[in-house]
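Reader: I have not seen this structure before. Please take me through it in questions and answers.

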Amino acid sequence: MKKRNIKKVAVLGSGVMGSRIACHLANIGVEVLLLDILPSELNETEKAKGLTLEHPLVRNRIVNDSLAAAVKSSPSPVFHSKVTDLIQTGNFQDDMKKIAECDWVLEAVVERLDIKRQVFEQVEKYRKKGTLVTSNTSGIPMALMCQGRSQDFQEHFCGTHFFNPPRYLPLLEIIPGPNTKPEVIEFLMHYGSLFLGKETVLCKDTPAFIANRIGVYSMMSAMHKLDSFDLTVDEIDALTGTVIGRAKSATFRTSDIVGLDTTVNVANNLYAALTHDESREVFRLPRIIEELYARKWLGDKTGQGFFKKVKDAEGKTQILTLNLKTFEYQPQTKPQLPSLEAVKDVEDLRQRIPKLVNASDKAGEFYRAMFYDLFRYCSYRIPEIADELYRIDQAVKAGFAWELGPFETWDLLGVRQTVAKMEVAGEKPAAWVYEMLSSGNESFYKLEKGKRYYYDIPTKSYKAIPGSEGFIILEHLRPTNKVWGNSGATLFDIGDGILCLEFHTKMNSIGPEVIEAINTAITKAEENFRGLVIGNDGPNFSAGANLATLFMAASNGDFDEINFSVVAFQNTMMRARYSSIPVVTAPSGLALGGGCELQLHADHIQAHAETYMGLVEVGVGLIPAGGGTKEMTMRVSDSFVKGDVELNRLQEVFMNIATAKVSTSAHEARQLGYLRPSDGITMHRRRVIADAKKAAIELAEAGYTKPVPRKDIKVLGKTALALFEVGITSMIYGNYISEHDAKIARKIAYVMSGGDLSYPQLVSEQYLLDLEREAFLSLCGEPKTLERIHSLLFKGKTIRN
């Protein structure tokens with residue numbers, strides 16, 4: 001098979017999806033040609049400037065405005081501000097010929113078959129032979145779209161269905177056309193995973209493919225159950241959100257965000273298309289939906305839907321919930337359901353779901369009805385929408401942010417026991433489930449030697465899930481590869497002489513048990529292994545050091561205890577830097593405060609692209625004292641050249657710390673100096689630990705030598721202090737910061753300047769660590785600092801530094 005490289009992609013259509021897909025392709029460094037239609041008339045601004053429809057600015061107005069709106073949107077579709085430099089804009093009439101320069105043409109125009117066909121007719125004229133052509137359609141059949149096109153076009157054509165927002169939702173459904181070459185599908189499955197960081201799922205060309213077919217069914221099923229279970233909007237959303245490992249927006253909030261008109265259109269289209277679906281009636285609009293649609297209460301886009309935002313008498317925003325019996329809005333209430341109360345302290349989802357499903361209250365009845373219905377429906381979708389059951393789980397997890405897929409949840413509840421209960425409830429599953437059980441197979445998945453296998457229906461045997469060869473999943477290694485552990489962390493042998501340390505405290509916060517674990521992991525690695533990776537499979541690396549203990553010690557005036565804890569933290573960070581084996585961190589999600597400081601002391605960082613890193617201690621009235629201020633000062637020192645550049649760069653880093661600047665991506669973390677040029681970035685979340693392991697092996701095989709502590713850090717003393725003071729005073733006078741904020745800023749400035757030295761000097765790391773610790777201790781006794789920590793603690797928020 002000829003090697004295929006993607007250097008430039010044409011995205012046709014710059015709407016919500018097209019513009020954001022273009023941004024994500026540019027995120028990975030690919031050149032993008034983004035095209036859209038010509039405007040049919042001038043807007044008022046153009047008329048005022050005397051422009052005509054032939055002016056280049058007018059001709060590209062639609063595409064340029066769409067891209068600008070996308071970049072300004074929240075959450076941002078770009079990793080950093082320079083990404084858009086890779087996107088060239090144009091229009092279909094003037095610039096379609098430029099697709100001849102592209103390796104992939106991705107269509108994302110309006111969801112109408114006639115318009116897509118018109119676009120593909122133009123694509124056919126200009127594309128090079130062998131160029132990939134794909135559609136971002138959410139449901140139009142492939143055969144209809146490529147009808148009448150050339151053989152080469154059809155052989156290189158398929159569906160590539162991204163989910164919105166493309167940067168953040170990992171699902172990419174790949175849908176072959178009737179004549180698509182297998183190697184084209186193979187390439188896109190691999191490229192989507194490795195380069196775009198997507199969970200690529202091979203789908204059949206059926207209505208709504210996989211994720212929307214199952215996800216929309218689940219949502220419609222929940223809506224239909226409102227009347228029979230006498231549940232409110234607030235209760236349904238409480239039951240179908242994070243408590244069962246699904247998106248926080250749950251059912252009705254999701255509908256308001258997406259727009260009820262979208263829900264109605266999708267449901268109506270599915271009802272019309274699924275004439276042979278045994279559960280077709282579920283896609284028929286419930287009475288409540290029809291009523292809201294008739295009233296044009298479509299959600300956020302019309303200002304009201306299932307929820308409505310209003311201002312109270314004091315001008316504060318209040319959220320009202322729709323009473324589905326009276327169709328009047330009333331104050332939002334927290335559901336009082338015994339089953340939810342019973343699991344509020346159960347953090348493990350795999351323990352929580354069985355408790356909820358087996359509960360005796362109306363919530364338990366709802367869960368049984370909901371899950372049994374979902375299990376039955378999914379069992380009948382094989383082989384209609386997918387030949388393998390794992391593809392259904394992959395699709396709904398990646399597309400709808402479910403932590404567990406339907407078959408994984410069924411396994412959790414026990415397949416055989418659940419089938420018996422489903423029969424009683426009138427939700428008998430498909431015949432293949434009974435065949436699986438009768439052949440002695442009791443689960444849809446199983447683990448063997450750290451690998452996950454799925455039940456293959458045709459062969460009635462278990463097969464390894466393809467595409468997972470490049471992954472290291474710690475959860476799969478837990479039964480067999482544990483080397484050591486305590487209440488806060490587990491150490492795994494991940495093969496080839498490399499250990500991996502996983503934190504599992506709440507939000508992976510760093511407390512005494514984690515400090516012990518880091519030191520133990522380094523010791524064991526130095527004794528019998530050749531490298532250490534620190535990372536996990538969860539959503540966050542670490543939200544920082546847990547400050548609850550600090551608050552208690554500071555409140556009691558026990559500053560000796562605080563000093564001991566800070567010294568232990570600093571020593572642990574320095575041990576990570578100066579061990580005899582390479583230490584590689586593998587962050588994803590939040591890496592804040594102490595979690596960021598650990599990154600800064602690693603020999604190499606292999607970060608997931610969606611890593612949000614920063615030194616945020618000022619938020620609780622403190623400064624980074626685990627070596628973070630020291631490390632950033634040292635990095636600035638290493639970048640110094642003669643002249644004012646020294647002060648300018650120092651000022652930038654100072655402001656990042658003083659304003660608790662957090663990167664919005666790993667790429668921005670590199671711009672902020674938290675990642676070095678030599679550190680790596682991985683696009684796919686489940687590849688991060690494997691890539692970190694590879695980096696540790698490379699360092700070890702390159703002859704890793706224990707570094708020597710630094711004594712050559714240039715600090716500028718009073719020269720830098722004077723500069724910092726001018727900035728701090730200006731911010732006070734401008735009412736940008738409080739006097740207490742200024743006090744914290746001066747402490748940071750003092751450390752970064754190396755104290756009030758009379759002239760620039762070279763100092764050691766330990767010198768700066770001592771300054772850090774002294775500043776930290778002085779702030780611990782400040783009433784304002786204690787107030788900030790106290791207010792966070794007693795508002796029920798997570799306390800981290």
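Reader: How much of the accessible surface of the protein belongs to carbon and sulfur atoms?
Author: The model is a predicted one. The accessible surface of the protein comes to about 34200 Å². The share of that surface belonging to carbon and sulfur atoms is 52%.

Reader: What percentage of the residues count as buried?
Author: A residue counts as buried when its relative accessible area is under 20%. The protein has 801 residues, and the part of them that counts as buried is 56%.

Reader: How many helices and strands does the protein have, and what is its radius of gyration?
Author: There are 34 helices and 25 strands in the protein. For 801 residues the globule rule gives 28 Å, and the protein comes close to that, so it is as compact as a globular protein of that length. Along the principal axes, the C-alpha trace spans about 80 × 70 × 65 Å. The radius of gyration is 29 Å.

Reader: What share of the contacts with a separation of 6 or more comes from residues 24 or more positions apart?
Author: Contact here means heavy atoms within 4.5 Å. Among the contacts in the protein with a separation of 6 or more, residues 24 or more positions apart account for 69%.

Reader: How far apart are the mean positions of the positive and negative charges?
Author: The protein carries 95 positive and 98 negative charges.

Reader: Which residue just after α1 takes a positive phi?
Author: The phi in question is about 95°. The residue that takes this value just after α1 is G29.

Reader: Which residues does a cis peptide bond join at an omega of about 0°, and which at an omega near 10°?
Author: In the loop between α4 (61-72) and β3 (87-91) lies P75, and the bond with omega of about 0° joins S74 and P75. P383 is found in the loop between α17 (362-380) and α18 (389-400). The cis bond with omega near 10° runs from I382 to P383.

Reader: Is F209 buried or exposed?
Author: F209 lies in the loop between β8 (199-202) and α10 (211-229). Its phi is near 60°, a positive value in a residue other than glycine. The relative accessibility of F209 is 0%, so the residue counts as buried.

Reader: What is the relative accessible area of N508?
Author: N508 is in the loop between β17 (498-503) and α23 (512-528). Although not a glycine, N508 has a positive phi of about 55°. N508 is buried, and its relative accessible area is 9%.

Reader: How far apart in space are F569 and G511?
Author: F569 is found in helix α25 (residues 559-577) and is buried, with a relative accessible area of 11%. Leaving aside neighbours within four places in sequence, F569 is in contact with residues including I510, I515 and A545. F569 and G511 are 58 residues apart in sequence. In space, C-alpha to C-alpha, the distance between F569 and G511 is 9.0 Å.

Methods: Residues are numbered from 1 along each chain as its sequence is written. This is a predicted model: local features need pLDDT of at least 70, side-chain atom pairs count only at pLDDT 80 or more; totals for chains, interfaces and linings use all residues. Side-chain values use heavy atoms; hydrogens and water are left out. Helices (H or I, at least four residues) and strands (E, at least two) are DSSP runs, numbered from the N terminus. The radius of gyration is taken over C-alpha atoms; the globule rule is 2.2 Å times the number of residues to the power 0.38. Buried means under 20% relative accessible area, exposed over 50%, partly exposed in between (1.4 Å probe, protein chains only). Accessible areas come from the Shrake-Rupley method with a 1.4 Å probe; for residues, only the protein chains shown count as cover. Lys and Arg count as positive and Asp and Glu as negative; His and the chain ends are not counted. The place of a charge is taken as NZ of Lys, CZ of Arg, CG of Asp or CD of Glu.
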